[in-house]
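Thanks for coming, everyone. Let me put the model up on the screen, and then we'll walk through it.

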Amino acid sequence: MEAFGSLIHGLSIAAQPMNLMYAFIGVMLGTAVGVLPGIGPALTVALLLPVTFKLDPAGSLIMFAGIYYGGMYGGSTTAILINTPGESASLATALEGHKMAKAGRGGPALATSAIGSFVAGTLATLGIVFLAPWLVKIAIQFGPEDYFALMCVAFVTVSATFGDSPVRGLTSLFIGLMLGLVGIDTLTGQARLTFGIPELLDGIEVTTLAVGLFAIGEALYIASRPAHLADTIEPVRGSLWMTKEDWKRSWKPWLRGTAFGFPIGALPAGGAEIPTFLSYSTEKRLCKYPKEFGHGAIEGVAGPEAANNASAAGTLVPLLTLGLPTSATAAMMLAGFQQYGLNPGPLLFAERPDLVWGLIASLFIANFMLIVLNLPLVGLWVKLLSIPQPWLYGGILVFATMGTIAANPSVVELIQLVVFGLMGFLMRRYDFPVAPVVIGLILGPIAEAQLRRALSISLGDPMVLLQSPLSATLLVIALLALAAPFVLRGLDKMKSTED
Amino acid sequence: MEETGQRRIDPVGIAIAGVLAALALIIILDTNALTLTSVYGVGPKAMPYVVAVGLGVLAIGNLVNALTGGMPAGEELNYQAIVRILGGLAALIAVIGFGGGFIIGTALLFAMTSAAFGRKAFHIDLLIGLGLATVVFLVFSKLLSLTLPSGPLEHLF
């Protein structure tokens with residue numbers, strides 16, 4: 001088994017004492033930040049990016065693996081104990097888990113979510129191990145036109161197909177694409193949309209955008225609401241351990257959740273919401289005690305949590321093999337690679353197998369550390385949750401601005417941060433999705449470069465996009481995915497007028 | 001999506017459509033100013049035009065939504081809190097811009113944000129902010145050797 005050998009090699013890198021320590025720090029920091037209410041995994045990664053600036057790439061990516069999974073664990077703890085999901089993928093967990101906590105079953109809820117995440121994370125990471133080398137072999141034959149078409153699919157699915165409103169999703173995407181234009185055009189050296197400001201020549205930093213949109217936008221949004229109601233934390237009463245009955249009711253949802261999460265995460269279909277809700281509704285249908293749903297059914301925590309984690313691991317497949325981020329968190333991971341000038345994709349597998357496989361192996365290690373550390377330390381995480389809101393957001397803004405200052409101590413960068421913060425606030429307030437902006441900024445320039453490469457090879461003949469069967473198919477898929485929400489809505493309207 | 005019988009015209013939606021149209025216009029003007037004539041295949045001007053056209057179409061889409069009442073109504077705003085947070089950020093930028101250093105700027109941001117969330121103990125929060133900023137500064141500059149902007153306080157270390 002070629003993949004297996006590579007994994008062993010990766011494990012030998014990840015298990016070096018220094019790297020184990022990086023993974024440990026990543027796991028602790030990721031959980032600590034992820035547990036704070038209102039902070040999802042994407043923001044966790046963005047906020048902690050500066051911590052890794054001075055590390056070597058391998059150490060930094062290993063720390064990232066820890067931060068990534070730690071942020072997810074932290075998010076579900078918050079969802080269960082105070083019913084403020086940091087991201088929509090934790091909504092289902094909050095639905096049932098918080099009810100369990102209210103009924104004094106917070107311990108088992110946390111346990112089934114932690115163990116479920118471990119099971120799902122481990123299985124899904126195994127999925128990466130076997131799927132990635134195979135995909136890399138296919139991807140190595142991709143021409144630039146195929147990449148361009150693939151990115152079109154990602155653009156459409158991330159922004160239009162699965163959101164509430166395709167117009168708003170596409171609006172977010174195009175704002176991201178516009179931000180991606182800013183700076184020097186890499187192929188010709190022309191400055192675009194820089195308005196004579198020298199600091200803009202390097203383009204817009206993904207981290208500045210993400211931290212502005214997520215952290216500052218969120219703080220403004222929460223503060224702007226007339227009465228900011230203090231969240232009440234459910235204390236963890238009783239035993240942390242799951243009873244035999246809990247185990248019996250949990251293991252199947254874990255596996256089913258993984259089965260939903262991994263494939264959907266691995267497709268460029270955007271986000272973990274779909275698998276978590278699929279898992280939730282499936283468990284509700286299959287459960288022997290359907291009446292418990294809505295009042296704290298353990299299956300409703302076990303399944304969606306597993307689906308969430310499996311899909312997070314699934315998004316690493318297109319990220320590592322194709323360089324294609326399909327969620328805001330994956331986009332932040334890509335930014336983490338780019339700070340070292342590394343571009344994930346088939347070439348990185350060939351040139352730096354130590355990095356890629358070290359990262360994949362660290363996912364196993366981070367997962368293992370989390371299951372060992374998380375339940376015993378739950379008291380500590382609960383303490384973090386009880387930081388008063390004024391100090392909590394004061395601290396969040398301090399760390400948000402510090403990251404920007406540390407990366408690039410210039411006033412222009414800070415002003416950008418504030419502008420993006422205001423933009424994030426307005427988008428939250430008027431219900432525009434934020435993730436497509438980040439995806440647009442990070443993928444837009446890559447898509448443009450691929451398109452121009454394809455067209456310069458074909459001497460400017462646009463038919464090249466349709467001559468490659470793969471690219472033609474992908475473009476048709478993108479068109480269908482773009483048209484689908486409009487057509488479905490039109491059908492809905494027709495039906496409702498007929499009634 | 002809920003269907004309300006009345007078709008309410010939404011001023012915010014119209015404003016958003018206006019902003020998008022303005023952005024499209026800015027891109028087109030900026031791109032027209034590029035002096036490069038022709039390269040093989042597609043030059044640096046093509047993508048901006050595509051994005052500008054997309055934004056223009058979306059401006060129309062948002063306008064249609066606004067005229068047919070597709071936008072959700074925003075709730076009431078606590079302007080004071082927003083002004084305080086933005087004031088804190090402005091203070092940070094000013095302090096750093098004029099060489100006051102990371103610690104003072106960050107402490108101000110912390111205290112102003114805390115005030116925005118309803119605390120009424122600005123002086124205490126300022127002290128907490130100073131403490132927090134000092135710890136952050138020491139960890140990042142000494143332990144991780146990142147350069148943070150220095151002012152009078154930072155030179156003490």
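A term before we start. A crossing of two helices is right-handed if the near helix is turned clockwise from the far one by less than a right angle, and left-handed if it is turned anticlockwise.

For the complex, the predictor gives an ipTM of 0.90 and a pTM of 0.88.

Chain A, then, and a helix pair. Helix α11 of chain A covers residues 273-286, and helix α12 of chain A covers residues 299-314. Their axes come within 8 Å and cross at roughly 155°. Angles over 145 degrees count as roughly antiparallel, and that makes α11(A) roughly antiparallel to α12(A). Now our term: α11(A) passes α12(A) in a right-handed crossing. Who meets whom? From α11(A) we have, among them, A:Pro275, A:Ser279 and A:Glu283. From α12(A), look for residues including A:Gly300, A:Pro304 and A:Ala307. The contact divides into four nonpolar, seven polar and three charged residues.

Helix α4 is residues 57-82, and helix α16 is residues 353-374. The axes come within 8 Å and cross at roughly 40°. Therefore α4(A) and α16(A) are oblique to each other. Their crossing is right-handed. On α4(A), the contact includes A:Leu61, A:Ala65, A:Tyr69 and A:Tyr73. On α16(A), the contact includes A:Leu355, A:Leu359, A:Leu363 and A:Leu370. In this contact, twelve residues are nonpolar, six polar and one charged.

Over to chain B. Chain B is divided into domain 1, residues 11-67, and domain 2, residues 79-156. The C-alpha centres of these two domains lie 38 Å apart.

How does chain B touch chain A? 58 residues of chain B are in contact with 50 residues of chain A. On the chain B side, α1, α2, α3, α4 and α5 each supply at least two residues. Which helix gives the most? That's α2(B), with nine residues. By type, the chain B side has 38 nonpolar, 16 polar and four charged residues.

Last, confidence in chain B. The mean pLDDT is 84, and 86% of the residues reach 70 or more. Residues 1-5 of chain B are below 50. Beyond near neighbours in sequence, that stretch has one contact in the model. Where pLDDT is low, the predicted coordinates should not be read in detail.

That's the tour. Over to you.

How values were computed:
Residues numbered from 1 in each chain as written. Chains lettered and ligands numbered in written order. Predicted model: local features only at pLDDT ≥ 70, side-chain atom pairs only at ≥ 80, totals over all residues. Domains from an automatic or database assignment. Contact = placed C-beta atoms within 7 Å. Helix = DSSP H or I, 4+ residues; strand = E, 2+ residues; numbered from the N terminus. Nonpolar A, V, L, I, M, F, W, Y, C, P; charged D, E, K, R; others polar. pLDDT = per-residue confidence, 0-100. Axes fitted to C-alpha atoms, helices over the stretch in contact; angles between N-to-C directions. Parallel < 35°, antiparallel > 145°, perpendicular 65-115°, else oblique.
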